[in-house]
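I opened the model today to look up a few residues and their surroundings. These are my notes.

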Amino acid sequence: MTVRTALVGAGAVGTRHAHTLCSFPDVELVGICDPVPAAAQALAGRLGVPAVGDLDALLRTGPDAVWLCVPPFAHGEPELALVRAGLPFFVEKPPAADLPTAERIAGAVAAAGLPTATGFHWRHLDTVAAARSLLAGRPARLLQARWWGTTPPAVWWRREELSGGQVVEQATHVLDLARLLAGEVAEVVGAAAPSTAADRDVPDATAVVLRFESGAVGTVSTSCVLPAPTVAGLEVVAGEVWVDLTETSLRTRTAEGEQVSAPEVDGRRAVDRAFVDVLCGGPAAPGLVDVGEALRTHRLAVAVARAAGTGTVVRVGS
C-alpha cells in the first residue's frame with residue numbers, strides 16, 4: 001500500500017517532515033502549499049513534488065492524509081476543513097495558540113472519528129519508554145521541568161497572541177512528559193519575569209509550582225534570554241529512584257547505582273512513521289499522541305502560562 005500524503009507549511013518544521021515522508025518507500029508526497037508561494041515552490045522543487053496555491057487545491061490532489069506544519073496562530077480552519085473533507089491529519093504542536101481553538105478542533109475530530117497524530121516526538125524515544133518502565137509502580141513525588149533557551153528568530157514567536165508564548169510553544173514537550181511520568185496536574189501557581197525586549201511580549205522567564213492529582217509536587221521554569229538553547233528536560237523523584245530525562249539522554253539513579261544512556265530511536269522520524277503505519281491499517285504505536293491527548297497537554301500548558309502571567313492559582317482545564 002502506498003499512502004498519498006500532502007503537506008501544508010514549507011518552513012523549517014514542514015521541510016523536515018517532507019524529507020522524512022519522502023524517505024519512506026510506502027509514502028508518496030503529492031503536493032505542498034504554503035502562504036508564501038515561493039517557500040512551497042522551493043521545497044517542492046527540491047523534492048520533485050507539485051506546489052499548489054492553497055489547501056483547497058491541495059485537497060484536489062487526492063491525498064489520503066495531510067501533514068499540517070503551521071505556526072500556532074494558524075491552527076483552526078485548516079483542521080476543520082480536513083474534518084469536513086473526512087481526511088486524517090498529522091498536526092504539529094502546539095494544537096493552537098489559545099485553548100478555545102484547540103478545544104474546537106478536538107471536538108470536531110472526536111465527532112468525526114478521524115485518525116490524527118501530533119508532533120510530540122519525545123514520546124517515541126526509547127529512553128522515555130525506559131523511564132516509564134523504571135517508574136512503574138513507583139509513584140512520582142517530585143518533578144522539576146525546565147526549558148531554558150533563546151528567543152527563536154520567527155517574528156510571530158515573540159508575540160504571545162500568535163505563539164502562545166514559550167510555555168505553550170516550547171515547554172509543552174516537557175509538560176507532556178510530566179503528565180506521562182507523574183500523572184495529571186490539578187492546579188498551578190506561579191510568576192513571570194516580564195519581557196525586557198521591546199519587540200517581544202513573551203516573558204523573559206516563568207516559574208510555576210504544580211500540584212499533581214496524586215499529591216506529588218513539581219516545578220516548571222522557562223527562559224528565552226540565553227544566547228543558545230541550554231537545557232530542556234525534566235527530573236523525577238520517586239521511591240528510591242531518580243530520573244533525569246532530555247531529548248538526547250537518560251540518567252537514572254537507584255540503589256544499584258547510576259546509569260546513563262542515549263536514545264537509539266530518532267523521535268522525529270518515528271513520529272511520522274507511526275502515523276503512516278496507522279494510515280496503512282496498523283495499530284497505533286504506544287508513543288502516538290492524537291489530537292485528543294494533545295489537548296490534555298495543551299490545557300496544562302495554557303494553565304501554566306496563565307498562572308505565571310497572573311500570579312493566581314489556576315486549576316487545569318478551567
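**Ground rules.** I am working with a predicted model, in which local features need pLDDT of at least 70 and side-chain atom pairs count only at pLDDT 80 or more, while totals for chains, interfaces and linings use all residues. I count residues from 1 along each chain as its sequence is written, and side-chain values use heavy atoms, with hydrogens and water left out.

**Helix 2.** I looked up helix 2, residues 37–47, where A40, L43 and A44 are buried. They sit on the same side of helix 2, because they cover an arc of only 100° around the axis. The arc is taken from the directions from the helix axis to the C-beta atoms. Buried means under 20% relative accessible area, exposed over 50%, and partly exposed in between (1.4 Å probe, protein chains only). Helices (H or I, at least four residues) and strands (E, at least two) are DSSP runs, numbered from the N terminus. On the face turned away from the buried side I found the exposed residues A38, Q41, G45 and R46. The buried residues pack against strand 1, helix 1 and strand 2; contact means heavy atoms within 4.5 Å. After helix 2 comes G48, with a positive phi near 70°.

**H121.** Where does H121 lie? I found H121 in the loop between strand 5 (116–118) and helix 6 (126–135). H121 counts as buried because its relative accessibility is 5%. Leaving aside neighbours within four places in sequence, its contacts are H173, E247, G267, R268 and V271.

**D244.** I placed D244 in strand 11, residues 241–246. D244 is buried, at 15% relative accessible area. Not counting residues up to four places away in sequence, D244 touches L234, E235, S249, L250 and R251.

**Salt bridges.** How many salt bridges does the structure hold? I noted 22, a salt bridge being a side-chain nitrogen of Lys or Arg within 4 Å of a carboxyl oxygen of Asp or Glu. One of them joins E169 and K93, at 3.6 Å from N to O. This pair links distant parts of the chain, 76 residues apart, with E169 in helix 8 and K93 in the loop between strand 4 and helix 5. Both E169 and K93 are buried.

I also looked up R273 and D277, whose closest N and O atoms are 2.8 Å apart in a salt bridge. R273 and D277 are separated by about one helical turn, because they are four residues apart in helix 10. R273 is partly exposed at 22% relative accessibility, and D277 is partly exposed at 32%.
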